[in-house]
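Dear colleague,

I am passing on a structure that I would like you to look over when you have the time. The notes on what was found in it follow directly after it.

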Amino acid sequence: MTATGEAGGRPVTSAVATKSGGEAAGRHSTIASFGTSHGVLCVGGVPLGLLAERVGETPFFAYDRQLLAARVARLRSALPASVELSYAIKANPMPAVIHHLSGLVDAFDVASGLELRAALDTTMPPAQVSFAGPGKSLAELRQAVAAGVTVELESPAEARRLAAIGEELAIRPRAAIRVNPDFAIKGSGMRMGGGPQQFGVDAEDVPQLLKSLAETDVEVLGFHVFAGSQNLHADVLAQAQRETVDLVLRLAPAAPAPIRYLNLGGGFGIPYYEKDAPLDLEAVGAALGGLIAERIEPGLPGARVVIELGRYIVGECGVYVTRIVDRKHSRGRVFLVTDGGLHHQLAASGNFGQVVRRNYPVALGTKMDAESTETVSVVGKLCTPLDLLADRVQLPPAEVGDLVVIFQAGAYGRSASPEAFLSHPPAPEVLV
Ligand SMILES: *Cc1c(COP(=O)(O)O)cnc(C)c1O
(Lines give C-alpha, C1' and ligand atoms only; values in the text may rest on other atoms or scores of the structure.)
Protein backbone atom coordinates (compact mmCIF):
# COMPACT_ATOMS: atom_id res chain seq x y z
CA MET A 1 0.00 0.00 0.00
CA THR A 2 1.47 3.27 -1.06
CA ALA A 3 1.55 6.20 1.27
CA THR A 4 1.87 8.64 -1.60
CA GLY A 5 -0.84 11.04 -2.57
CA GLU A 6 -3.86 12.41 -0.81
CA ALA A 7 -4.94 8.93 0.19
CA GLY A 8 -1.68 8.44 2.07
CA GLY A 9 -2.88 9.96 5.31
CA ARG A 10 -2.64 13.29 6.96
CA PRO A 11 -0.87 16.22 5.37
CA VAL A 12 2.69 16.64 6.52
CA THR A 13 2.94 20.38 6.19
CA SER A 14 2.55 20.87 9.93
CA ALA A 15 5.89 19.18 10.44
CA VAL A 16 7.68 21.25 7.82
CA ALA A 17 9.94 23.73 9.48
CA THR A 18 9.28 27.42 9.51
CA LYS A 19 11.73 30.15 10.25
CA SER A 20 11.58 30.59 13.99
CA GLY A 21 8.98 33.17 14.85
CA GLY A 22 7.67 33.02 11.30
CA GLU A 23 4.11 32.33 10.24
CA ALA A 24 2.75 28.83 10.29
CA ALA A 25 3.77 26.51 7.50
CA GLY A 26 1.14 25.16 5.18
CA ARG A 27 1.66 27.11 1.99
CA HIS A 28 3.66 24.33 0.44
CA SER A 29 0.61 22.35 -0.55
CA THR A 30 2.41 19.82 -2.70
CA ILE A 31 4.76 18.81 0.09
CA ALA A 32 1.74 17.17 1.66
CA SER A 33 1.44 14.86 -1.31
CA PHE A 34 4.58 12.92 -0.44
CA GLY A 35 2.64 11.38 2.45
CA THR A 36 3.93 9.74 5.62
CA SER A 37 3.89 6.32 7.19
CA HIS A 38 4.14 6.01 10.99
CA GLY A 39 5.68 9.45 11.23
CA VAL A 40 8.23 8.89 8.47
CA LEU A 41 8.11 10.78 5.19
CA CYS A 42 7.58 8.58 2.13
CA VAL A 43 8.87 9.04 -1.41
CA GLY A 44 7.11 6.90 -3.99
CA GLY A 45 5.37 5.22 -1.08
CA VAL A 46 8.66 4.07 0.49
CA PRO A 47 9.44 5.33 4.01
CA LEU A 48 12.61 7.38 4.01
CA GLY A 49 14.64 5.16 6.38
CA LEU A 50 13.99 2.13 4.22
CA LEU A 51 14.70 4.14 1.10
CA ALA A 52 18.07 5.19 2.53
CA GLU A 53 18.89 1.50 3.10
CA ARG A 54 17.82 0.74 -0.45
CA VAL A 55 20.00 3.50 -1.86
CA GLY A 56 22.83 2.24 0.31
CA GLU A 57 24.15 5.63 1.38
CA THR A 58 23.24 9.17 2.31
CA PRO A 59 22.93 11.89 1.13
CA PHE A 60 20.79 11.26 -1.95
CA PHE A 61 18.15 12.83 -4.15
CA ALA A 62 14.82 11.01 -4.45
CA TYR A 63 12.19 11.79 -7.08
CA ASP A 64 8.61 10.55 -6.91
CA ARG A 65 7.35 8.91 -10.10
CA GLN A 66 3.67 9.27 -9.22
CA LEU A 67 4.02 12.89 -8.24
CA LEU A 68 5.62 13.60 -11.63
CA ALA A 69 2.70 11.96 -13.41
CA ALA A 70 0.23 13.86 -11.21
CA ARG A 71 2.02 17.11 -11.95
CA VAL A 72 1.78 16.63 -15.70
CA ALA A 73 -1.87 15.59 -15.34
CA ARG A 74 -2.56 18.78 -13.39
CA LEU A 75 -0.93 20.85 -16.14
CA ARG A 76 -2.98 19.03 -18.78
CA SER A 77 -6.22 19.72 -16.97
CA ALA A 78 -5.44 23.41 -16.43
CA LEU A 79 -3.99 24.26 -19.86
CA PRO A 80 -5.95 24.23 -23.13
CA ALA A 81 -6.02 20.75 -24.70
CA SER A 82 -4.29 21.93 -27.88
CA VAL A 83 -1.21 23.19 -26.02
CA GLU A 84 1.86 20.95 -26.24
CA LEU A 85 3.85 20.49 -23.08
CA SER A 86 7.62 20.49 -23.42
CA TYR A 87 10.00 19.49 -20.64
CA ALA A 88 13.23 21.52 -20.37
CA ILE A 89 15.73 18.79 -19.54
CA LYS A 90 18.23 21.10 -17.88
CA ALA A 91 15.96 21.31 -14.82
CA ASN A 92 16.64 17.64 -14.09
CA PRO A 93 18.59 15.54 -16.58
CA MET A 94 18.50 12.24 -14.63
CA PRO A 95 18.00 9.60 -17.38
CA ALA A 96 15.27 7.74 -15.49
CA VAL A 97 13.35 11.00 -15.00
CA ILE A 98 13.65 11.85 -18.69
CA HIS A 99 12.46 8.38 -19.68
CA HIS A 100 9.49 8.61 -17.35
CA LEU A 101 8.59 12.07 -18.66
CA SER A 102 9.01 11.03 -22.30
CA GLY A 103 5.79 9.07 -21.92
CA LEU A 104 3.98 11.96 -20.26
CA VAL A 105 4.89 15.19 -22.07
CA ASP A 106 4.74 16.04 -25.80
CA ALA A 107 8.20 17.47 -26.35
CA PHE A 108 11.65 18.00 -24.88
CA ASP A 109 13.83 21.09 -24.87
CA VAL A 110 17.57 20.46 -24.68
CA ALA A 111 20.41 22.89 -24.10
CA SER A 112 23.53 20.86 -24.90
CA GLY A 113 24.77 18.02 -27.07
CA LEU A 114 24.67 15.62 -24.12
CA GLU A 115 21.12 16.60 -23.22
CA LEU A 116 20.27 16.03 -26.88
CA ARG A 117 21.68 12.50 -26.71
CA ALA A 118 19.78 11.86 -23.49
CA ALA A 119 16.55 13.03 -25.18
CA LEU A 120 17.19 10.82 -28.20
CA ASP A 121 17.65 7.82 -25.89
CA THR A 122 13.95 8.01 -25.06
CA THR A 123 10.88 7.34 -27.17
CA MET A 124 10.41 11.07 -27.83
CA PRO A 125 10.36 11.63 -31.64
CA PRO A 126 13.25 13.89 -32.77
CA ALA A 127 10.73 16.21 -34.44
CA GLN A 128 9.41 16.93 -30.95
CA VAL A 129 12.82 17.95 -29.59
CA SER A 130 14.07 21.55 -29.66
CA PHE A 131 17.62 22.71 -28.97
CA ALA A 132 18.03 26.18 -27.43
CA GLY A 133 20.96 28.01 -25.91
CA PRO A 134 23.64 30.48 -26.96
CA GLY A 135 27.05 29.36 -28.18
CA LYS A 136 26.08 26.00 -29.63
CA SER A 137 29.23 24.38 -30.99
CA LEU A 138 29.60 23.18 -34.58
CA ALA A 139 29.57 19.64 -33.23
CA GLU A 140 26.30 20.28 -31.39
CA LEU A 141 24.72 21.83 -34.47
CA ARG A 142 25.79 18.84 -36.57
CA GLN A 143 24.25 16.49 -34.00
CA ALA A 144 21.01 18.47 -34.14
CA VAL A 145 20.84 18.50 -37.94
CA ALA A 146 21.67 14.80 -38.19
CA ALA A 147 19.00 13.98 -35.61
CA GLY A 148 16.34 16.18 -37.21
CA VAL A 149 15.57 18.20 -34.10
CA THR A 150 14.52 21.86 -34.20
CA VAL A 151 17.39 24.27 -33.63
CA GLU A 152 16.30 27.43 -31.86
CA LEU A 153 18.55 29.99 -33.47
CA GLU A 154 20.19 32.41 -31.09
CA SER A 155 22.04 34.64 -33.59
CA PRO A 156 22.57 35.34 -37.32
CA ALA A 157 26.01 33.71 -37.12
CA GLU A 158 24.45 30.55 -35.76
CA ALA A 159 21.90 30.63 -38.60
CA ARG A 160 24.75 30.76 -41.15
CA ARG A 161 26.52 27.85 -39.46
CA LEU A 162 23.35 25.82 -39.45
CA ALA A 163 22.75 26.44 -43.15
CA ALA A 164 26.33 25.40 -43.99
CA ILE A 165 26.05 22.20 -41.96
CA GLY A 166 22.76 21.39 -43.69
CA GLU A 167 24.43 21.68 -47.08
CA GLU A 168 27.37 19.59 -45.99
CA LEU A 169 25.20 16.80 -44.57
CA ALA A 170 22.63 17.16 -47.37
CA ILE A 171 19.87 17.40 -44.75
CA ARG A 172 17.44 20.29 -44.56
CA PRO A 173 17.87 21.72 -41.05
CA ARG A 174 14.75 22.49 -39.01
CA ALA A 175 14.93 25.81 -37.21
CA ALA A 176 12.97 28.30 -35.19
CA ILE A 177 14.13 31.78 -34.29
CA ARG A 178 14.53 32.50 -30.62
CA VAL A 179 13.38 36.09 -30.30
CA ASN A 180 14.60 38.48 -27.64
CA PRO A 181 11.35 40.38 -27.17
CA ASP A 182 10.99 44.14 -27.05
CA PHE A 183 9.24 43.79 -23.68
CA ALA A 184 10.36 42.40 -20.33
CA ILE A 185 8.27 40.53 -17.80
CA LYS A 186 8.27 41.68 -14.22
CA GLY A 187 8.41 39.50 -11.16
CA SER A 188 10.53 36.70 -12.56
CA GLY A 189 13.24 35.07 -10.50
CA MET A 190 15.42 35.20 -13.59
CA ARG A 191 14.78 37.52 -16.53
CA MET A 192 15.88 36.08 -19.85
CA GLY A 193 14.26 38.42 -22.35
CA GLY A 194 13.86 42.13 -22.97
CA GLY A 195 16.60 44.75 -23.14
CA PRO A 196 20.08 43.63 -24.15
CA GLN A 197 20.44 39.85 -23.78
CA GLN A 198 22.82 37.06 -24.69
CA PHE A 199 19.69 35.05 -25.54
CA GLY A 200 17.89 35.15 -28.84
CA VAL A 201 17.80 37.63 -31.70
CA ASP A 202 16.49 41.11 -30.94
CA ALA A 203 12.94 41.37 -32.26
CA GLU A 204 13.84 44.31 -34.50
CA ASP A 205 16.57 42.23 -36.22
CA VAL A 206 14.33 39.24 -36.91
CA PRO A 207 12.89 40.41 -40.29
CA GLN A 208 16.42 40.75 -41.69
CA LEU A 209 17.39 37.30 -40.40
CA LEU A 210 14.25 35.79 -41.92
CA LYS A 211 15.17 37.37 -45.24
CA SER A 212 18.63 35.86 -45.25
CA LEU A 213 17.28 32.47 -44.11
CA ALA A 214 14.89 32.52 -47.09
CA GLU A 215 17.97 32.31 -49.32
CA THR A 216 19.18 29.13 -47.61
CA ASP A 217 17.77 25.64 -47.42
CA VAL A 218 16.90 25.98 -43.72
CA GLU A 219 13.30 25.15 -42.88
CA VAL A 220 12.01 27.96 -40.67
CA LEU A 221 9.21 26.51 -38.55
CA GLY A 222 8.44 29.46 -36.34
CA PHE A 223 9.45 31.30 -33.20
CA HIS A 224 10.51 30.73 -29.64
CA VAL A 225 10.24 33.43 -26.97
CA PHE A 226 11.39 32.69 -23.42
CA ALA A 227 11.01 35.80 -21.35
CA GLY A 228 11.95 34.56 -17.89
CA SER A 229 11.86 31.93 -15.24
CA GLN A 230 10.39 31.27 -11.77
CA ASN A 231 7.33 33.53 -12.02
CA LEU A 232 4.52 33.03 -9.50
CA HIS A 233 2.11 35.63 -10.90
CA ALA A 234 -0.57 34.35 -13.28
CA ASP A 235 -1.43 37.84 -14.52
CA VAL A 236 2.20 38.60 -15.39
CA LEU A 237 2.62 35.28 -17.23
CA ALA A 238 -0.63 35.86 -19.13
CA GLN A 239 0.50 39.35 -20.07
CA ALA A 240 3.84 38.00 -21.33
CA GLN A 241 2.05 35.39 -23.42
CA ARG A 242 -0.22 38.05 -24.91
CA GLU A 243 2.70 40.30 -25.76
CA THR A 244 4.60 37.33 -27.19
CA VAL A 245 1.72 36.49 -29.51
CA ASP A 246 1.38 40.14 -30.60
CA LEU A 247 5.09 40.19 -31.36
CA VAL A 248 4.96 36.96 -33.34
CA LEU A 249 1.93 38.18 -35.31
CA ARG A 250 3.98 41.23 -36.28
CA LEU A 251 6.98 39.09 -37.30
CA ALA A 252 5.09 36.30 -39.09
CA PRO A 253 4.53 38.12 -42.44
CA ALA A 254 8.30 38.31 -42.90
CA ALA A 255 8.67 34.51 -42.59
CA PRO A 256 9.29 32.50 -45.77
CA ALA A 257 6.46 30.08 -44.92
CA PRO A 258 3.40 29.98 -42.65
CA ILE A 259 4.27 29.64 -38.97
CA ARG A 260 3.94 26.06 -37.78
CA TYR A 261 5.66 26.32 -34.39
CA LEU A 262 5.07 28.83 -31.64
CA ASN A 263 7.00 28.21 -28.44
CA LEU A 264 5.63 30.62 -25.86
CA GLY A 265 8.29 29.76 -23.28
CA GLY A 266 7.07 29.03 -19.77
CA GLY A 267 8.54 30.49 -16.64
CA PHE A 268 5.93 28.96 -14.32
CA GLY A 269 7.36 29.25 -10.81
CA ILE A 270 7.06 27.07 -7.72
CA PRO A 271 6.92 28.30 -4.10
CA TYR A 272 10.31 28.00 -2.44
CA TYR A 273 9.92 30.35 0.49
CA GLU A 274 7.42 30.83 3.26
CA LYS A 275 5.71 33.85 1.77
CA ASP A 276 5.54 32.48 -1.78
CA ALA A 277 1.97 31.75 -2.85
CA PRO A 278 1.66 28.99 -5.46
CA LEU A 279 0.97 29.99 -9.05
CA ASP A 280 -2.72 30.10 -10.00
CA LEU A 281 -2.38 27.59 -12.82
CA GLU A 282 -6.07 27.66 -13.71
CA ALA A 283 -5.86 31.41 -14.30
CA VAL A 284 -2.85 30.94 -16.60
CA GLY A 285 -4.73 28.22 -18.49
CA ALA A 286 -7.89 30.28 -18.87
CA ALA A 287 -5.99 33.28 -20.21
CA LEU A 288 -4.07 31.08 -22.65
CA GLY A 289 -7.32 29.51 -23.84
CA GLY A 290 -8.65 32.95 -24.68
CA LEU A 291 -5.43 33.91 -26.41
CA ILE A 292 -5.48 30.80 -28.58
CA ALA A 293 -9.11 31.27 -29.60
CA GLU A 294 -8.90 35.00 -30.22
CA ARG A 295 -5.42 35.55 -31.60
CA ILE A 296 -3.46 32.40 -32.39
CA GLU A 297 -6.02 30.29 -34.24
CA PRO A 298 -7.15 33.14 -36.50
CA GLY A 299 -3.67 34.65 -36.99
CA LEU A 300 -1.45 31.56 -37.11
CA PRO A 301 -3.72 28.71 -38.20
CA GLY A 302 -2.19 25.26 -37.78
CA ALA A 303 0.70 26.40 -35.58
CA ARG A 304 1.74 24.07 -32.75
CA VAL A 305 1.57 26.02 -29.50
CA VAL A 306 4.22 24.87 -27.03
CA ILE A 307 4.69 25.70 -23.36
CA GLU A 308 8.14 24.78 -22.13
CA LEU A 309 8.63 24.05 -18.44
CA GLY A 310 11.40 22.73 -16.25
CA ARG A 311 11.02 23.40 -12.56
CA TYR A 312 7.22 23.47 -12.60
CA ILE A 313 7.19 19.83 -13.72
CA VAL A 314 9.97 18.38 -11.56
CA GLY A 315 10.83 20.86 -8.81
CA GLU A 316 8.27 19.85 -6.22
CA CYS A 317 8.54 16.12 -6.99
CA GLY A 318 11.99 15.66 -5.47
CA VAL A 319 13.75 15.83 -2.12
CA TYR A 320 17.36 15.98 -1.01
CA VAL A 321 17.95 13.68 1.95
CA THR A 322 20.88 14.01 4.36
CA ARG A 323 21.71 12.29 7.63
CA ILE A 324 22.61 14.12 10.82
CA VAL A 325 26.15 13.17 11.79
CA ASP A 326 26.74 15.63 14.63
CA ARG A 327 24.82 17.93 16.94
CA LYS A 328 26.69 20.96 18.20
CA HIS A 329 25.97 23.78 20.61
CA SER A 330 27.81 27.00 19.97
CA ARG A 331 27.15 30.05 22.13
CA GLY A 332 23.46 29.53 22.36
CA ARG A 333 22.82 28.11 18.93
CA VAL A 334 22.25 24.50 17.90
CA PHE A 335 23.84 23.24 14.69
CA LEU A 336 22.76 20.00 13.10
CA VAL A 337 25.73 18.87 11.03
CA THR A 338 24.70 16.66 8.13
CA ASP A 339 26.61 14.47 5.69
CA GLY A 340 25.41 16.68 2.80
CA GLY A 341 25.93 20.24 1.71
CA LEU A 342 25.84 22.91 -0.94
CA HIS A 343 28.05 20.82 -3.25
CA HIS A 344 24.90 18.74 -3.85
CA GLN A 345 22.08 21.20 -3.29
CA LEU A 346 23.51 24.67 -3.90
CA ALA A 347 20.15 26.40 -4.24
CA ALA A 348 19.04 25.53 -0.69
CA SER A 349 22.11 27.37 0.63
CA GLY A 350 20.93 30.52 -1.13
CA ASN A 351 23.85 30.71 -3.52
CA PHE A 352 22.16 29.87 -6.84
CA GLY A 353 20.92 33.24 -8.03
CA GLN A 354 19.12 34.26 -4.84
CA VAL A 355 19.47 37.89 -3.75
CA VAL A 356 18.55 37.33 -0.12
CA ARG A 357 19.21 34.03 1.63
CA ARG A 358 15.92 32.44 2.68
CA ASN A 359 15.17 28.91 3.80
CA TYR A 360 13.88 26.21 1.52
CA PRO A 361 11.20 24.10 3.18
CA VAL A 362 12.90 21.52 5.38
CA ALA A 363 11.71 18.74 7.68
CA LEU A 364 12.98 15.98 9.91
CA GLY A 365 11.91 13.14 7.65
CA THR A 366 12.19 10.55 10.39
CA LYS A 367 10.06 12.49 12.90
CA MET A 368 7.24 14.00 10.89
CA ASP A 369 4.73 13.64 13.73
CA ALA A 370 6.89 15.19 16.44
CA GLU A 371 6.37 18.75 17.55
CA SER A 372 8.81 21.38 16.32
CA THR A 373 10.16 22.67 19.61
CA GLU A 374 13.77 23.41 18.82
CA THR A 375 15.40 26.21 16.83
CA VAL A 376 18.32 24.81 14.86
CA SER A 377 20.56 25.54 11.91
CA VAL A 378 21.19 22.71 9.47
CA VAL A 379 24.66 22.77 7.93
CA GLY A 380 26.61 20.60 5.56
CA LYS A 381 30.11 19.20 5.86
CA LEU A 382 31.94 21.76 3.72
CA CYS A 383 34.52 24.11 5.22
CA THR A 384 32.71 27.30 4.30
CA PRO A 385 30.11 29.33 6.18
CA LEU A 386 28.10 29.38 2.95
CA ASP A 387 27.26 25.74 3.59
CA LEU A 388 24.06 26.53 5.45
CA LEU A 389 21.11 24.39 4.38
CA ALA A 390 18.59 25.88 6.82
CA ASP A 391 19.11 28.90 9.04
CA ARG A 392 17.43 28.96 12.48
CA VAL A 393 14.37 26.86 11.70
CA GLN A 394 11.97 25.15 14.07
CA LEU A 395 12.34 21.38 13.98
CA PRO A 396 11.51 18.53 16.33
CA PRO A 397 14.43 17.62 18.63
CA ALA A 398 16.88 15.85 16.32
CA GLU A 399 19.52 13.25 17.03
CA VAL A 400 22.50 11.90 15.17
CA GLY A 401 21.14 9.42 12.64
CA ASP A 402 17.92 11.31 11.88
CA LEU A 403 17.27 12.21 8.25
CA VAL A 404 16.85 15.84 7.23
CA VAL A 405 14.76 16.41 4.12
CA ILE A 406 15.03 19.47 1.92
CA PHE A 407 12.03 19.90 -0.33
CA GLN A 408 11.70 21.53 -3.76
CA ALA A 409 14.86 19.65 -4.79
CA GLY A 410 13.57 18.07 -7.98
CA ALA A 411 14.86 20.86 -10.23
CA TYR A 412 18.26 22.58 -10.36
CA GLY A 413 19.56 20.35 -7.57
CA ARG A 414 22.36 17.93 -8.29
CA SER A 415 23.11 19.15 -11.81
CA ALA A 416 23.16 22.81 -10.76
CA SER A 417 25.54 22.33 -7.83
CA PRO A 418 29.35 22.47 -7.62
CA GLU A 419 29.74 18.74 -7.11
CA ALA A 420 33.53 18.78 -7.20
CA PHE A 421 33.86 21.42 -4.48
CA LEU A 422 35.82 19.94 -1.56
CA SER A 423 36.10 16.57 -3.30
CA HIS A 424 33.33 14.78 -1.47
CA PRO A 425 31.48 12.07 -3.40
CA PRO A 426 28.46 13.04 -5.51
CA ALA A 427 24.94 12.31 -4.25
CA PRO A 428 23.15 9.46 -6.02
CA GLU A 429 19.68 9.99 -7.45
CA VAL A 430 16.76 7.60 -7.40
CA LEU A 431 13.36 7.67 -9.05
CA VAL A 432 10.83 5.85 -6.88
C1 LIG B 1 15.99 27.06 -18.40
C2 LIG B 1 15.03 27.14 -19.50
C3 LIG B 1 13.74 26.63 -19.34
C4 LIG B 1 13.24 26.07 -18.05
O5 LIG B 1 13.06 27.03 -17.06
P6 LIG B 1 12.25 26.67 -15.75
O7 LIG B 1 12.31 27.86 -14.88
O8 LIG B 1 12.92 25.49 -15.13
O9 LIG B 1 10.86 26.31 -16.15
C10 LIG B 1 12.88 26.69 -20.42
N11 LIG B 1 13.28 27.19 -21.60
C12 LIG B 1 14.52 27.67 -21.80
C13 LIG B 1 14.90 28.20 -23.12
C14 LIG B 1 15.43 27.66 -20.76
O15 LIG B 1 16.66 28.15 -20.94
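Throughout this message, contact between residues means heavy atoms within 4.5 Å. By that criterion, and not counting residues up to four places away in sequence, Lys-367 touches Gly-39, Pro-396, Pro-397, Ala-398, Glu-399 and Asp-402. This is a predicted model, in which local features need pLDDT of at least 70 and side-chain atom pairs count only at pLDDT 80 or more, whereas totals for chains, interfaces and linings use all residues. Residues are numbered from 1 along each chain as its sequence is written, and side-chain values use heavy atoms, with hydrogens and water left out.

To stay with Lys-367, this residue lies in the loop between strand 18 (362–364) and strand 19 (374–379), where helices (H or I, at least four residues) and strands (E, at least two) are DSSP runs numbered from the N terminus. Its side chain makes a polar contact of 2.8 Å with the side chain of Glu-399; a polar contact is a pair of N or O atoms within 3.5 Å, and within protein one must be able to donate a hydrogen and the other to accept it, while residues adjacent in sequence count only if both atoms are side-chain atoms.

Next, the ligand. The residues around it, each with a heavy atom within 4 Å, are Ala-88, Lys-90, Arg-178, Met-192, His-224, Phe-226, Ser-229, Glu-308, Leu-309, Gly-310, Arg-311 and Tyr-412. An oxygen atom of the ligand lies 2.9 Å from a backbone N or O atom of Gly-310, and an oxygen atom of the ligand is 2.8 Å from a polar backbone atom of Arg-311. For Tyr-412, an N or O atom in the side chain is 2.6 Å from an oxygen atom of the ligand.

Turning to helix packing, axes are lines fitted to C-alpha atoms, for helices over the stretch in contact, and angles run from 0 to 180 degrees between N-to-C directions. Helix 4 (residues 113–120) packs against helix 5 (residues 138–147) at about 20 degrees, with the axes 9 Å apart. That makes helix 4 roughly parallel to helix 5, given that angles under 35 degrees count as roughly parallel, over 145 as roughly antiparallel, 65 to 115 as roughly perpendicular and the rest as oblique. Gly-113, Leu-116, Arg-117 and Leu-120 of helix 4 make this contact with Glu-140, Gln-143, Ala-144 and Ala-147 of helix 5.

Helix 5 also packs against helix 6 (residues 156–169), at an angle of about 55 degrees and with the axes 10 Å apart, and the two helices are therefore oblique to each other. Here Leu-138, Leu-141, Arg-142, Val-145 and Ala-146 in helix 5 meet Glu-158, Arg-161, Leu-162, Ile-165, Gly-166, Glu-168 and Leu-169 in helix 6.

The axes of helix 2 (residues 65–78) and helix 9 (residues 281–299) come within 8 Å and cross at roughly 40 degrees, so this pair is likewise oblique. Arg-74, Leu-75 and Ala-78 of helix 2 are in contact with Leu-281, Glu-282 and Gly-285 of helix 9.

Most residues other than glycine have a negative phi, and most peptide bonds are trans. The peptide bond from Thr-58 to Pro-59 is cis, with omega near -5 degrees, and Pro-59 is found in the loop between helix 1 (48–55) and strand 4 (60–63). Arg-331, in the loop between strand 16 (318–330) and strand 17 (333–338), has a positive phi near 45 degrees although it is not a glycine.
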